[in-house]
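This report describes selected local features of one protein model.

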Amino acid sequence: MGARELTFPPRLSACYREIEKITLSATAIQVNEAALSSWDRRQTLLTFAPPTIDTEEFLRVSSAVFDLLGTGLPELREKFAALKANLPASPDAREGLVEALLRRDPRAFTFLEGQVQVPADFFAFAFSHVLRLFLGGFAKRVWEQVAVDCWGRGECPVCGNKPNFAKIDPGGKRYLYCGLCGTEWRFVRVCCPFCGNTNPDGLGFYLFEEGTYRLETCARCRGYLKTFDQRKKKDALSLFWEDIRTVSLDLTAMRLGFVNRAFSV
């Protein structure tokens, strides 16, 4: 495919920049450093050495994030407001919600108050922005203590999320990117990170902007992965912003019948 203009609504970009400015307190995330030191790479770090999250701060940040998302996506403002209004009130329910979200347990929805009518995919979308702040903080603490680059699996070594972006570095090595916690890790070139397909006949790609961006696809699981090729252009934005900037490629992939297999609750 030929070059295509890659754009993103300015209002939503501004919203995401405001979300990025949210800072967590020093006690928002408590890391089990003793457990981290004995990580055996059989499980993700979130499972092997789960952090302790300040539940009250998580709910306060959730409210702030939903307000910002309602500003950036005014057509969904009422849904964000309904979600905010129905956050759990009791301490047990609040803890249950946070624990379920960290485990990506679909029952997280059941901890909301009342009978709020919020679709499951919207619920996942809304809370993914909150989780990104907390899991991103956890990941940064983890990177200081353990090497995650040699993980070698298709899911994130820190949080277990499937990648939603990738890059090919100037030396031709492929790195997957987790949009939920910001971790990057090396992965083999000819392999679908979603289903493990290594058959070249079932793996394809589409090129955009003279090959700077690739839409890598798998015929077996119908998954796709956006990829930035640093051999074509080295001055990339952060992969978080490259992912946002290339939202038109997500739409192209869906029109072609492929599925986004990244984060869901």
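Arg41 lies in the loop that joins α2 (33–36) to α3. Helices (H or I, at least four residues) and strands (E, at least two) are DSSP runs, numbered from the N terminus. The model is predicted, so local features need pLDDT of at least 70 and side-chain atom pairs count only at pLDDT 80 or more, whereas totals for chains, interfaces and linings use all residues. Residues are numbered from 1 along each chain as its sequence is written, and side-chain values use heavy atoms, with hydrogens and water left out.

**Loop residues**

Although Arg41 is not a glycine, its phi is positive, at about 65°. Its relative accessibility of 30% makes Arg41 partly exposed. On this scale, buried means under 20% relative accessible area, exposed means over 50%, and partly exposed lies in between (1.4 Å probe, protein chains only).

Glu210 belongs to the loop between β6 and β7. Its phi is near 55°, again a positive value in a residue other than glycine. Thr212 is found in the loop between β6 (203–208) and β7 (213–218). Apart from neighbours within four places in sequence, Thr212 is in contact (heavy atoms within 4.5 Å) with Thr227, Phe228, Asp229, Lys232 and Lys233. The table gives the accessibility of these two loop residues.

**Helix α6 and its partners**

Helix α6 (residues 91–102) comprises 12 residues and spans 17 Å from its first C-alpha to its last, close to the 16 Å expected at 1.5 Å a residue. The expected span is 1.5 Å times one less than the number of residues in the helix. Among the buried residues of α6 are Ala93, Leu97, Val98 and Leu101. The buried residues of α6 pack against α3 (45–48), β2 (52–53), α4 (55–72) and α7 (120–143). Just after α6, Arg104 adopts a positive phi of about 55°.

The packing of α4 with α6 has an angle of about 75°, and the axes are 9 Å apart. Axes are lines fitted to C-alpha atoms, for helices over the stretch in contact, and angles run from 0 to 180 degrees between N-to-C directions. α4 and α6 are therefore roughly perpendicular to each other. Angles under 35 degrees count as roughly parallel, over 145 as roughly antiparallel, 65 to 115 as roughly perpendicular and the rest as oblique. From α4, Thr55, Glu56, Phe58 and Leu59 meet Arg94, Glu95, Val98 and Leu101 in α6. This contact of α4 with α6 has four nonpolar, one polar and three charged residues. Here Ala, Val, Leu, Ile, Met, Phe, Trp, Tyr, Cys and Pro count as nonpolar, Asp, Glu, Lys and Arg as charged, and the others, Gly among them, as polar.

**Helices α1 and α7**

Helix α1 (residues 10–20) and α7 cross at roughly 40°, their axes coming within 10 Å; the two helices are therefore oblique to each other. Tyr16, Ile19 and Glu20 of α1 make the contact with Phe125, His129, Arg132 and Leu133 of α7. By class, the residues of the contact of α1 with α7 are four nonpolar, one polar and two charged.

**Cysteines**

The structure holds zero disulfides, a disulfide being a pair of cysteine sulfur atoms within 2.5 Å. The closest cysteine sulfur to that of Cys181 is in Cys156, 3.5 Å away and too far for a bond. Cys181 is buried, at 3% relative accessibility. Cys195 is in no disulfide, and its nearest cysteine sulfur, that of Cys218, is 3.6 Å away. With a relative accessible area of 27%, Cys195 is partly exposed.
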